[in-house]
Amino acid sequence: MIYDGAQRRIRIVFLLLFCILSALIVRLSYLQYVLRDAFVSKADNQHKMTLVLEPKRGEIYDTKGRVLALSVPTRSLFAVPGDIDSPFKVVEALSGPLGIEKGELFRKITQQKTFVYLKRKVDRELAQEIDKLKLKGVYSHEDTKRFYPKGELLANIIGVVNIDDDGLEGVELFCNRYLKGTRGVRLSEKDAAGREIIPLRFQEVPPIDGNNIHLTIDEVVQHIAEKELDAAYAAFHPKNASAIVMDVRTGDILAIANRPTFDPNNVNAAPPENRRNYAVTDFFEPGSTFKTITGAAALNEGAVRLTDTFFCENGSWKVPGKILHDSHGYGTLTFKEIIEKSSNIGICKVAARLGAAKLSKYIRDFGYGALTGITLPGEVCGILRPVQRWSKMSMTAIPMGQELTVTPIQMVRAYAAIANGGILLKPRFIKSIVTAQGELVKEYKPEPVRRVVSEKATRELIAALKGVVGEGGTAKRASIDGYEVAGKTGTAQKVGPDGRFSHTLYFASFIGFVPADNPRVVIMVCLNEPRPQYYGGVVAAPAFSEIARGVLKYLDVQPTAQPAETKLTKND
Amino acid sequence: MARQKNSGGKHANGGFVKNLTLFAVIGVTVALAYLWQHTQIIRTGYIIRDKEKRLAVLKKENQCLRLRICQLKSPRHIEQMIAQKDLRLASTKNWQYVYLQTAGAPSAAAPSLVAAKGASQPGKQVKKVSLHQPKDAPAARGEG
């Protein structure tokens, strides 16, 4: 019996042991097979680390390699609200240095979140000072900030980026995919202190830095254009103003200036409309500057010669639907004088010889009604109706730059075609895109589009345009000592709120090229609603003259004409 | 024979122990050497890490200095901060480049741009000097 009892107890013990072992085996199997991944992940988290390697955003350079935009290192401050012991202490310590109101900062750090940014992209020195305070729950990480070392220079063109360094406007937006770069990653192991153990790095995909953009813009030319445009903007108070400088031989844009503008390093200080690139995104009725296009078409078709005469109706001519006026009453003028004196009646009579179909063809050939293809965002093509939809009044409006709208960049391109002997060029704004290591990714070469008019026609037209700046012309203030200038003024009436042409709102412009007989640059200056004066020859021509003077000297273009002795001391 | 056998066995045992000891010593030495090497690798890794951090910091400082240089070289900065504020020069108005050249080789194209007397040196060819003429400055020879 005793033996039986012992046997039974032994069996019970063994049974219990078996049950316990079985339970352990089941539990171990569960841990090993079912929960394996979770535990492996926990272990990996403890000793493995994954580092995201941020690429450097590409830089933007001018044509001579001067930096216009670059990224510099900063730090971003963040908090882990759960780690903060004393929110009041944090608020007291950080409110002042970060410039955040105490209530707002308190609300941020007491949120039910695991991560909250306190302030992004702060100076590294400030971040280091805050790190020294060793506030529990407040940390910082590496970041970069886009900086524009030239400040307002070219701001409307280069554009800006958002807080995550993605392009929002201008070149930053247009070339964002080239500038941004690609993130890299590094897998490694870390020690108990969280430091990377470099010999145990086991995988690394390096980041690819963004490409650098080289523009055709020349910083000095841009500075000249902006400075002179500033002067015109201050003197005549237009709603907005633009100036463009283009190389007539290559189509390279050397400068695009817009006013009003903004400081790209402090974007929020100016209203959003100040960021517009008026030279490309806005269109207007060109007015008299468009007479050059009509004249070029007529000369090329042989419809007129420079010496052909037209009766200009003594300044008032009744045509279907309206009465055409000239600024002065002219009798008989030659074609050359029509251009020089900017006679509306004369140019409409010239256009009548040409015919609507041909005029329409030339206007389109000069690139109006279509995008120029400039590598900038937001370009518009203006409004140009097909010739079939022209009204009876069109042939007394379009030849003098009404009933159609154009952009400044279209005007500059068309004048460049006249200046270079008749070849329409695609405006070139980006010269090349290269990697951070200097390898060429993409190159933009000068691109002739088509021949629009013959060289002979352009030579004749240039002779007429030179007269505009001479005695008896409308733009004597555009003249430059030592250089011959060819150009045309424009003073276009704008449509008022009542839908009729206003007698107080004007779009004033001057566009021309220098030196007239061997042109290097074409320059346009336009002012939208200048006041109190509004004539293109008064408000835009002086700015043109100053820009051209500076650019020619900078480009080392030798004077072609002996300057008048009296003019030597003009500005002394 | 038995004695001989025993002494042979003792010999064999002694050799085995010796060999075992030798192997153990070698094994321990190799293990220690491995550990030492591993420690050195880790230690060198930390040094490399510190150098990498230093390199990154220097690169960042370099980038900040590049930014500063770009800002200082900006024409607007030179004009407004240095010329007008620091040197108290008059505001620039006209853009002027003066061409200096030898007296024996006057430029036919631009006689009016030859610099003032004494500015040119014999033997020197045309040299371009860029400057801005202050609006209120006294009359200078050449283009105004």
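How many residues does helix H9 of chain A have, and how far does the helix reach from its first C-alpha to its last? Helix H9 (residues 219-236) has 18 residues and reaches 25 Å. That is close to the 26 Å expected at 1.5 Å a residue, where the expected span is 1.5 Å times one less than the number of residues. Helices (H or I, at least four residues) and strands (E, at least two) are DSSP runs, numbered from the N terminus.

This is a predicted model, in which local features need pLDDT of at least 70, side-chain atom pairs count only at pLDDT 80 or more, and totals for chains, interfaces and linings use all residues. Residues are numbered from 1 along each chain as its sequence is written, while chains are lettered from A and ligands numbered from 1 in the order in which they are written.

The predictor's confidence in each residue is its pLDDT, from 0 to 100. Chain A averages 90, and 97% of its residues score at least 70. Over residues 565-572 of chain A, pLDDT stays under 50.

Back to H9(A). Here 13 of the 18 residues are buried, so the helix is largely enclosed by the rest of the structure. Buried means that 20 or more other C-beta atoms lie within 10 Å of a residue's own; exposed means 12 or fewer, partly exposed in between, with C-beta atoms placed from the backbone. A:His237 follows H9(A) with a positive phi, near 45°.

Helix H3 (residues 87-98) of chain A has 12 residues and reaches 15 Å. Its A:Val90, A:Val91 and A:Leu94 are buried. They cover an arc of only 100° around the axis, which puts them on the same side of H3(A). The arc is that of the directions from the helix axis to the C-beta atoms. On the other side, A:Phe88, A:Glu92 and A:Gly96 are exposed. Helix H4 (102-109) and strand S4 (116-122) of chain A are among the elements that cover the buried residues. Just after H3(A), A:Gly99 takes a positive phi of about 70°.

Next, a helix pair. H11 (residues 291-300) and H14 (residues 356-365) of chain A pack at an angle of about 115°, with their axes 10 Å apart. Axes are lines fitted to C-alpha atoms, for helices over the stretch in contact, and angles run from 0 to 180 degrees between N-to-C directions. A:Ile293, A:Thr294 and A:Ala297 in H11(A) meet residues of H14(A) including A:Leu359 and A:Tyr362. Contact means C-beta atoms, placed from the backbone, within 7 Å.

Chain B has two helices and two strands, running α-α-β-β from the N terminus on. Of its 144 residues, 9% count as buried.

Note on methods. Contact = placed C-beta atoms within 7 Å.
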